[in-house]
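Subject: Structure for you to look at

Hi,

Here is the structure I said I would pass on. Have a look at it first, and then read on for what turned up.

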Amino acid sequence: MNYICKKQDSSNYARTTMHFISVLLEGKKTVHLKDENIVVNSKEICFFTQNNYFMSERLVENKTYKSLVIYFDDNFIFDFINKYNIDINIKEQSDIGVISYKKDSLFSTCVDTFQEYIDKNFDENLLKLKIEEIFLNAIRVDKEFVFSYFNKILSTSQDRIKFILESNIDLIHSLSDICALTRMTESKVRTYIKKNYNQTPKVWIDTKRLEKAVLLLKNSEDSISDISTSCGYSTTSWFIAQFKKYYNITPKEFRQKS
């Protein structure tokens with residue numbers, strides 16, 4: 001768990017390596033994803049699964065931005081589903097979504113008391129119960145979304161190799177890097193990536209790098225050179241050539257059109 005407090009507008013680029021919920025207490029933020037933007041207002045909770053790349057713009061209100069971020073792993077969700085005998089009877093899967101608690105007095109009280117528990121350093125078991133209460137209230141308010149969110153976690157948890165690959169893309173620059181991380185032979189890596197992504201390892205690496213580049217070009221003021229470096233390209237000219245190959249437009253032209 002972590003509090004995030006700001007006195008002025010700010011933005012950051014992030015890659016989620018754990019599932020988490022962001023409880024927006026004061027202020028407002030916009031989450032920029034590859035294909036959409038999600039606006040989160042005060043008194044709303046944004047749910048994220050792991051392995052998502054996004055830009056987040058934090059906007060202060062009355063000189064304050066404050067959010068509470070709660071991280072959890074697969075096992076927390078497994079235990080929660082089993083403990084409360086939850087029967088997930090839908091097939092949809094959602095990576096990210098927002099639920100408002102400001103219009104529901106019980107839900108709002110639940111969030112407020114959870115903050116008190118944290119501020120007073122209550123026992124870890126009590127905090128866990130309060131987190132469970134937040135999830136139970138979220139189900140009561142928007143059952144369809146929460147179940148689709150759980151479905152996404154349940155499905156991705158069954159594939160550890162995919163998690164290793166997508167959560168360590170910043171460290172992957174070649175096929176040998178993938179082999180070292182997954183402890184698989186080159187032939188097995190090629191077979192796995194072909195089966196799960198219908199791509200070669202090289203194309204998969206390039207695709208992930210360029211997804212990050214698109215986010216940065218659309219939502220940051222970083223120079224083309226800086227973006228090239230942060231996306232793992234050895235030279236700016238090579239980055240520009242690869243970007244144009246995939247998108248039929250240069251990074252500068254893409255930024256101008258966006």
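Predicted model: local features only at pLDDT ≥ 70, side-chain atom pairs only at ≥ 80, totals over all residues.

**Aromatics**

With that cut-off, searching the whole structure gives 23 aromatic pairs. Take Phe47 and Phe135: their ring centres are 6.0 Å apart and their planes sit at 70°, so this pair is edge-to-face. The pair ties together distant parts of the chain, with Phe47 in strand β6 (residues 44-48) and Phe135 in helix α3 (residues 124-141), 88 residues apart. Phe47 and Phe135 are both buried.

Another edge-to-face pair is Phe239 with Phe243, at 5.9 Å centre to centre and 65° between the planes. Here both partners belong to helix α10 (residues 236-247), 4 residues apart, which is about one turn of the helix. Phe239 and Phe243 are buried too.

Back to Phe47 and Phe135: both belong to one aromatic cluster, whose members also include Phe72, Phe76, Phe80, Tyr84, Phe145, Tyr149 and Phe150.

There are also lysines over rings. The charged end of Lys66 sits over the ring of Tyr3, 4.9 Å from the ring centre. Lys130 does likewise with Tyr117, its charged end being 5.3 Å from the centre of that ring.

**Helices α5 and α7**

How do these two cross? The axes of α5 (residues 160-167) and α7 (residues 186-197) come within 12 Å and cross at roughly 90°. An angle of 65 to 115 degrees counts as roughly perpendicular, and that makes α5 roughly perpendicular to α7. On the α5 side, the contact involves Ile161, Lys162, Leu165 and Glu166, and these meet Tyr192, Ile193 and Tyr197 of α7. By type, the contact residues split into 5 nonpolar, no polar and 2 charged.

Also in α7 is Lys194, which is partly exposed at 49% relative accessible area. Lys194 and Trp204 are 10 residues apart in sequence, and their C-alpha atoms are 9.3 Å apart in space.

**A couple of buried residues**

Glu211, in helix α8 (residues 201-219), has a relative accessibility of 17% and therefore counts as buried, the cut-off being under 20%. Leaving out residues up to four places away in sequence, Glu211 touches Lys34 and Tyr247.

Thr30 lies in strand β4 (residues 28-32) and is buried as well, with a relative accessible area of 14%. Apart from neighbours within four places in sequence, Thr30 is in contact with Asn37, Ile38, Val39, Met55, Ser56 and Glu57.

**Positive phi**

Asn198 has a phi near 55°, a positive value. Asn198 is in the loop between α7 and α8 and is exposed, with 54% relative accessible area. Asn248 also has a positive phi, near 55°. Asn248 is in the loop between α10 and α11 (251-257), and at 65% relative accessibility Asn248 counts as exposed.

Cheers

Terms used
Residues numbered from 1 in each chain as written. Heavy atoms only, no water. Axes fitted to C-alpha atoms, helices over the stretch in contact; angles between N-to-C directions. Helix = DSSP H or I, 4+ residues; strand = E, 2+ residues; numbered from the N terminus. Parallel < 35°, antiparallel > 145°, perpendicular 65-115°, else oblique. Contact = heavy atoms within 4.5 Å. Nonpolar A, V, L, I, M, F, W, Y, C, P; charged D, E, K, R; others polar. Phe/Tyr/Trp six-rings, centres within 6.5 Å; stacked < 30°, edge-to-face > 60°. Buried < 20%, exposed > 50% of the residue type's maximum accessible area, 1.4 Å probe, protein only. Lys NZ or Arg CZ within 6 Å of the ring centre and 35° of its normal.
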